[in-house]
Amino acid sequence: MDDRRRYDRATAHLDPPLAVLDLAALRSNASGMVRRAGGKPIRVASKSIRSRPVLERVLAMDGFAGIMAFTLPEALWLVSRGLRDVLVAYPTVDRAALAALAADGRAAREITVMVDRAEHLDLVEAAVAGVPGRHEIRICMDIDAGFVTLGGTFRAGARRSPVREPGQAADLAAAVLRHPGLRLVGLMAYEAQIAGVGDAPSGNPLLARAIRWMQARSRRELAARRGRVVRAVRHLTDLEFVNGGGSGSIEQTAREPAITEVAAGSGLFHPRLFDFYRGFTGRPAALFALPVVRRPSPGVVTVLGGGYPASGAPGPDRLPQPYLPHGLRYDRDEGAGEVQTPLLGPAAGRLRIGDRVWFRHAKAGELCERFTALHLIDGDEVVETVPTYRGEGHTFL
Ligand SMILES: Cc1ncc(COP(=O)(O)O)c(C=O)c1O
């Protein structure tokens, strides 16, 4: 049975809009990722999942260990629900959450917060100073993994940490070690320009060549620099982990001797933006269905909802992809609408009022900010319905 019929059949008793997760696709994506990691554990990027029960399912699979969370309140909530080893990958200035972390022994054991400058340390220190019987705070340092060339005039990668060179990392590590209430446990260096940028952009061979050139150079530069940074910090203190990479770079990052674990999440759902990599393929696992509610003219149908663009530099690649049936496209003037979305193309003529159109989100977890539940499909059946973060009353970002 083809996927469209399978999804339609599995959800026939439900009314769209609705979101599903195809468990066979999820399992296949997960095992591909574990294979690519070559024996190093994968820390699951929760921003790319945003459903606690799904995170638990993934963590139950061999090869996955620990969570990479996106906010401290999220991490505190996950730990309160029994999850463990949570690295908050982005610095926090949430004083109440930091105080709650210092006050709770279990949370303080399981959660690690991110810093990239001495100011972060001072802020953490000030937030936890008045907490009676405060627990030690686990600290990870973020190292810039971006690519810089042509005398600094060309740069690729996320603009995050100012810490780039071994000397800077050693200085910050020494600053952490001077704080008695803080414990340095890890380093993280995320190469967004490799892991998050597909090297096979569709219909643009020149851009593809430029991306491959940049990524090859960046990979070499980073492997050497990451090794030097890790050595400089390990000279001062033991580290529990050195994290790097993302879904698009698992095999390359895991190969570096300095790396002890890779982070990845998007590859599990395999959203649209992950179709453009040469090194791996995946199966679309997370989809949403919208109902056909109108037919404005013979070659056009209108579905309810749909305007769920992904974050990042705005552009057509951020829109959800009308996926099944194949052969649907947006109207150039309307795009994906706030309440309604017209769809054109050969398949539009065959759709009837009440039919559903299956979409893929451009990114992974952001889909879950639009839906309260994910219906888990195995074969042609919904076997379980689980809440998203939003469904549990949480919108962390
Ligand atoms: C720090 C960090 N590590 C890893 C990742 C990779 O996540 P994913 O595999 O979902 O692309 C990201 C994504 O933005 C990130 O910010």
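Let me begin with Arg318, which, leaving aside residues up to four places away in sequence, touches Leu273, Tyr308, Pro309, Ala310, Ser311, Gly312, Ala313, Ala362 and Lys363, where a contact means heavy atoms within 4.5 Å. This is a predicted model, in which local features need pLDDT of at least 70 and side-chain atom pairs count only at pLDDT 80 or more, while totals for chains, interfaces and linings use all residues. Residues are numbered from 1 along each chain as its sequence is written, and side-chain values use heavy atoms, with hydrogens and water left out.

Arg318 sits in the loop between strand S13 (300-304) and S14, helices (H or I, at least four residues) and strands (E, at least two) being DSSP runs numbered from the N terminus. Its relative accessibility is 15%, so Arg318 counts as buried, a word that here means under 20% relative accessible area with a 1.4 Å probe, protein chains only.

Turning to helix H1, residues 3-10, we find Arg6, Tyr7 and Ala10 buried. Viewed down the axis of H1, these buried residues fall within an arc of 95°, so they line one face of the helix, the arc being that of the directions from the helix axis to the C-beta atoms. The strands they pack against include S1 (18-22), S12 (286-297) and S14 (321-324).

As for the whole protein chain, it has 12 helices and 19 strands, and buried residues make up 56% of its 397 residues. Of the contacts with a separation of 6 or more, 69% join residues 24 or more positions apart.

Technical notes:
Buried < 20%, exposed > 50% of the residue type's maximum accessible area, 1.4 Å probe, protein only.
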